[in-house]
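Let's take a friendly walk through this model, one contact at a time. Have the viewer open and follow along.

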Amino acid sequence: MPDITLSRPVPVTTEAPLIRGLLIGVALIFVALFLFAPLVTVFVEALRQGWVAALDALRLPDALAAIRMTLTIAAIAVPINAAFGIAAAWAITKFDFPSKAFLITLIDLPFSVSPVVAGLMLVLLFGANSTLGGWLIANDMPIVFAFPGILLATLFVTFPFVARELIPVMIEQGRAEEEAALTLGASGWRIFFTVTLPNIRWALLYGVLLCNARAMGEFGAVAVVSGKIRGETATMPTMVEMFYNEYLSVAAFTLAAVLAMLALLTLLLKSLLEWRHADLLAATRRH
Amino acid sequence: MNIEIEELAKEFGTTRALHPVSLPIPSGALVALLGPSGSGKTTLLRILGGLEFPTSGRVLFGGQDATGLSVQERRAGFVFQSYALFKHMTVFENIAYGLRARPRKERPPEAEIGRRVQRLLDLIQLPDIGARYPNQLSGGQRQRVALARALAIEPRMLLLDEPFGALDAKVRKELRQGLREIHDRTGLTTVFVTHDQEEAMELADLVVVMSMGRIEQVGKPADIRARPATDFVRDFTAA
Ligand SMILES: Nc1ncnc2c1ncn2[C@@H]1O[C@H](COP(=O)(O)OP(=O)(O)OP(=O)(O)O)[C@@H](O)[C@H]1O
Ligand SMILES: [Mg+2]
C-alpha cells in the first residue's frame, strides 16, 4: 500500500490495508477474467484475418439480413415493453387492488421460465400442429418460423426488465406528488407526463437499455421459434451460432463483435446521459 | 365558503378510521383537527380534499353536496405533511403548476402567470427563490412554497396536514404566525391537522378534538380549556 499522508480523508472502514488491497485485487482479477477477457477475445478473433476480411464477412447477405432482423425486432419490442412495463408498474404502485401479488409474480414469470421453454410454448400454441396455428397458416398468417413468432418470443423474454426497474423506484416515491398534482387540478395524463414520468426517467432509461440489450441478444427462445432460416428468420445471435458451426469463425466473431458493440453503445449512451444531466439527477434523487 | 360534514364514516377493510362524524365549519374559520396518532385526522382531511372517498355520509361545500366531486372539481388547496413539492421543477414551476394545468380557455397568459407567482412568493416572504429547486430549500421554506403552490389555484378552502410537523420549535412559531396572517388576508376557510395541543389552541378559531375516529369535542380554544367535555379531552389538552 502507498504511504498514508495526513491530508487524506480518514477511512471510514476499519479493514487493514492488506485485506483491502487483497479484496480490491480479487475484484479486479475477477472483472478482467470474466468480463474483459471474453470481450477482447471476440474482437481479436473477428480481426484475425484483418479488417478487410471482417468487413467482407459483414457484407454477406445472411449477416446483413440477421442484423436487419435483430434491429427491427428490438425497435418494435423495446417500445412495446417500455409502455407495458410503465403501465404495469403504475398500476402496481399507485393503486390498491386484490390480485396485486399475483400480478407481480406474473411479471417475473419470464425470468423464471427458461427461454427455450418459452420458445417451445409459442411453438405448441401457434405451431402447425395446433388448431390455432393450423388456422393461422391456412390464412397465410404464420407465427412460428416467421417474424411474428420472433417478436412474440422477444416480447415475452424481455417483458420484466422495465417493470422490474420501475416498481421499487415508484414504491419509494409514493403517491404524494401525484396527489399534489391532482389537488392542483391536473388531469391524469398531465400528471403522468409532468410528474410521474420525470420522476422515473432514470429508472426507465436503465430498464429500457437492459430490455434493449436482451432483445438484441436473446438466443434460446428465438432459436426455437424462428427455425433459424438463413436470410429470413435468423437474428444476429442465431446467425453467430450458425456461422460458428460452419467453421466460418471470422464471420461468426465479427457478427458477435457487432452485437457486443451495440451493447457497449447502449452503455455509453446511458453514461453520457447521466453525465450531461448530473445536476438534475442529484436534484431528483435527493430530497 | 362554509363546509358541512354530515355523518361521515370511513372504513379501510376492517379498520374503522372514522365513525360517523358530523361537523359544521363556518365560512372563513381557521379550524384545527387535534388528536393523537391514528385518531382519523388525516382521513377526515383527505375526504374533504377528495383524495379519499367516505364509506357513508355527505360533505357539503357552501350548501352544495360535494361528496361525489372529483379532487380537481373541489378546488381545495392542499398542503401535504411532507409537502410533496415536485422535486424536478423549480420553485417557480411548482407554484405555476396549478395555473398551467387549467384548461386552455381558463389558463392565464405567461406574463400573468409570472406576475401571480411573484405575488405569491412575496406573500410567503421569499421573493427571490423562484429559480431554486426544492432540495435547495430549508424545511421551513419548503413548507411556505407548498402553501404558495396551494394558494395559486385560487382555492375555495385550504387544507393542511400537519403543516409544521417536521420543523423545529422556533421555525414552527414563525410559520404559525405566517399561516394566521395568510388566513386573515385571504379569508379562506382553513382546516389544519395537528397533534400539538398548544399549536391548535394558539392558532385556531375552532378546535376539533378527535380520538379513535370520533369527534370528542368542538369549541373555541378557551371553552375547551375551561370546560372539557370528556376525560380524554381534559387529559389531552392538559398535556
Ligand atoms: N390507506 C389506508 N389503509 C388502511 N388503513 C388506513 C389507511 N389510512 C389510514 N388508515 C387507518 O385509519 C386510522 C386513522 O388514520 P389517520 O391517518 O387518519 O390518523 P391520523 O389521526 O392522521 O394519525 P397521525 O397523527 O399519526 O397522522 C388508522 O388506524 C390508520 O391505520
Ligand atoms: Mg395523519
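## Two domains of chain B

In this predicted model, domain 1 and domain 2 of chain B bury about 900 Å² between them, and carbon and sulfur atoms give 77% of that area. Three residues stand out on the domain 1 side: B:Leu158, B:Leu175 and B:Ile182 supply 45% of the area that domain 1 of chain B buries against domain 2 of chain B, more than any other three residues.

Contact between the two involves 13 residues of domain 1 of chain B and eleven residues of domain 2 of chain B. How many salt bridges does the rule find across this interface of domain 1 and domain 2 of chain B? The count is zero.

## Where chain A meets chain B

Next, the contact between the chains. Chain A brings 24 residues to it and chain B brings 23 residues. The area buried between chain A and chain B is about 2,200 Å², with carbon and sulfur atoms giving 59%. On the chain A side, the residues that lose the most area to chain B are A:Glu177, A:Thr183 and A:Leu184, which together account for 31% of what that side buries.

## Salt bridges between the chains

Side chains of opposite charge can pair when their charged atoms come close. Across the interface of chain A and chain B, the rule finds two salt bridges. The side chains of A:Glu179 and B:Arg46 form a salt bridge, with 2.8 Å from N to O. Over all chains, the structure holds 32 salt bridges. Why does the pair of A:Glu179 and B:Arg46 join two chains? A:Glu179 sits in helix α9 of chain A, whereas B:Arg46 belongs to helix α1 (residues 41-49) of chain B, so the pair links two chains.

## The largest pocket

A:Glu179 comes up again here. The largest pocket has a volume of about 640 Å³. It is lined by 20 residues, and those closest to its centre are A:Lys94, A:Phe95, A:Arg175, A:Glu179 and A:Leu182.

Which helices of chain A each supply at least two residues of the lining? They are α3 (61-94), α9 (176-183) and α10 (188-217). By residue class, the lining of the largest pocket divides into eleven nonpolar, seven charged and two polar residues.

## Chain A as a whole

Stepping back, chain A has 14 helices and zero strands. The C-alpha trace of chain A spans about 70 × 60 × 30 Å along its principal axes.

Terms used: Residues are numbered from 1 along each chain as its sequence is written. Chains are lettered from A and ligands numbered from 1 in the order in which they are written. This is a predicted model: local features need pLDDT of at least 70, side-chain atom pairs count only at pLDDT 80 or more; totals for chains, interfaces and linings use all residues. Side-chain values use heavy atoms; hydrogens and water are left out. On a 1 Å grid over the protein atoms alone, a cavity is a set of points where a 1.4 Å probe fits but cannot get out, and a pocket is an open set with protein on both sides within 12 Å along at least five of seven lines; lining residues have an atom within 4 Å of a point. Grid points are joined across faces, edges and corners, and a volume is the space filled by probe spheres set on the points. Helices (H or I, at least four residues) and strands (E, at least two) are DSSP runs, numbered from the N terminus. Ala, Val, Leu, Ile, Met, Phe, Trp, Tyr, Cys and Pro count as nonpolar, Asp, Glu, Lys and Arg as charged, and the others, Gly among them, as polar. Contact means heavy atoms within 4.5 Å. Buried area is the accessible area (1.4 Å probe) that two parts lose on being put together, summed over both. A salt bridge is a side-chain nitrogen of Lys or Arg within 4 Å of a carboxyl oxygen of Asp or Glu.
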